[in-house]
There are 2 protein chains.
Amino acid sequence: MAISKISLKAEVLDANAPVANEINRYLSERGVFCVNVIGGAGAGKTSALIGIIKRLGLPNVHVIEGDIAGDIDTETLRKLGVVAYQLHTNGECHINAPTMKEILRENEPKEGSILYVENIGNLVCPAEFVIGEHRKMLVSSAPEGSDKPYKYPHSFEVVQAVVLTKADLAPYVKFDRAYYDKGVHALNPTAPIFETSAAQDTGFEAVAEWILAERKKLSLD
Amino acid sequence: MAISKISLKAEVLDANAPVANEINRYLSERGVFCVNVIGGAGAGKTSALIGIIKRLGLPNVHVIEGDIAGDIDTETLRKLGVVAYQLHTNGECHINAPTMKEILRENEPKEGSILYVENIGNLVCPAEFVIGEHRKMLVSSAPEGSDKPYKYPHSFEVVQAVVLTKADLAPYVKFDRAYYDKGVHALNPTAPIFETSAAQDTGFEAVAEWILAERKKLSLD
């Protein structure tokens, strides 16, 4: 190839970081605590958000919904009364800091709110880009399989918490929880793993409490 | 950013295409029919492959297993007696043609065989890269949800067949087959949708027959 792919990538990441820092300062100054939620397509990120947001209190949470196409999840959230902004990445496989800056310019999150950013469904690329968040959270579903930490290590490494979704399906897909936990903890010894089920509306209380506790640590509550 | 992301991407894709053409010629000349299998992380690509390969006959199929890390699936396949080569993308979110060329140089597929390439689990990026294949096939699971064609259209657009996996879980995840089919066909009116279940070992006969028929069309059988 004419240009090395690796050097291109380094250049893109280098350009991203200062914008992400700028966003982080802007949000912190406004007392907005930002969670960047990553996970594969169909992992259940929106359903997890609905479970969590009910516990956090609707008016306190603003959501940025990242999508390549459409606004299905944004519409779902708005119908529930959630303040949700639609971010389109124009075909890109992840949200980057400049796109994030643009949407924040148009949609100012309420002072003191929690800003929940649902990234593009992709267990690879979003892990590489900081977008100004205070915490990164991974949504990983039981039907995706207990081998995911071993196959997609970077996503498990960079987050501060793992939300295991669709846990009600675990028995049907022979999900091996011990093997999964071992893989997660080898990469990330400190991240809690929250077991949840949107179908049964269970487990989200603990995730909400974790978010509030992390916010408190930064005195953004 | 210093360099436009879009122009970078165009450059990478431009450099990829001629290498892909070269691979396609090489494989065609050897009578090797190549299927590039894409799909999200945990969609069930390896389990589908095992279902399909049983019908195609083990010695006739060579497999390239694309992974970011590890060799879990390659080991699973080898234990079943499948000729499988491990391809690592060094962190990249998709297989590209130069990486494909490299592994083919080291591992020559048998003349007249079917070469089944399992791409990185990612419903976004692999759709953009040709790697010398004759056909692209999408693996998409019921638990990922029936809205996937609407959210990740490009992957559904570029393939010649869709394999719907984990269909046995459809009732538990409220999978709406009519909505799914409508989304797929709006993007891709000609691709067949094969409903399969690895847990019940059903539906793979039809996928295998489709592969053989497509190979016949190119007189590679």
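This short talk walks through a predicted model with chains A and B.

Hi everyone, a few ground rules before the tour. Residues are numbered from 1 along each chain as its sequence is written, and chains are lettered from A in the order in which they are written. Because the model is predicted, local features need pLDDT of at least 70 and side-chain atom pairs count only at pLDDT 80 or more, while totals for chains, interfaces and linings use all residues; side-chain values use heavy atoms, with hydrogens and water left out.

Let's start with the two chains together.

Strands here are DSSP runs of E with at least two residues, helices are runs of H or I with at least four, and both are numbered from the N terminus. Seven strands form an open sheet with parallel pairing, in the order β3-β2-β4-β1-β5-β6-β7; two strands pair if DSSP finds at least two bridges between them. At the edges stand β3 (83-88) and β7 (193-195) of chain B, each with a single partner strand, so one side of each has no neighbour in the sheet. On average, neighbouring strands are turned by 20° against each other, direction ignored. Inside the sheet, β1 (residues 33-38) and β4 (residues 114-118) of chain B run parallel and are joined by five bridges. B:F33 stands opposite B:I114 in β4(B).

Next, one residue in strand β2 (residues 61-67) of chain B, namely B:H62. Is B:H62 buried or exposed? B:H62 counts as buried because its relative accessibility is 7%, and the cut-offs are under 20% for buried, over 50% for exposed and partly exposed in between, with a 1.4 Å probe and protein chains only. Leaving out residues up to four places away in sequence, B:H62 touches several residues, including B:V83, B:Y85 and B:I114; contact means heavy atoms within 4.5 Å.

Finally, over to chain A and its aromatic rings. Rings of Phe, Tyr and Trp (its six-membered ring) pair if their centres lie within 6.5 Å; planes under 30 degrees apart are stacked, over 60 edge-to-face, and the rest tilted. Over all chains, the count comes to nine aromatic pairs. One of them is edge-to-face: A:F156 and A:Y180, 6.1 Å centre to centre with 80° between the planes. This pair links distant parts of the chain, with A:F156 in helix α6 (residues 153-157) and A:Y180 in helix α7 of chain A, 24 residues apart. A:F156 is buried, with a relative accessible area of 0%, and A:Y180 is buried at 0% too. Together with A:F175, A:F156 and A:Y180 form one aromatic cluster.

For contrast, A:L212 sits in helix α8 (residues 204-217) of chain A and counts as partly exposed at 36% relative accessibility. Not counting residues up to four places away in sequence, A:L212 touches A:L56 and A:I114.

Technical notes. Axes fitted to C-alpha atoms, helices over the stretch in contact; angles between N-to-C directions.
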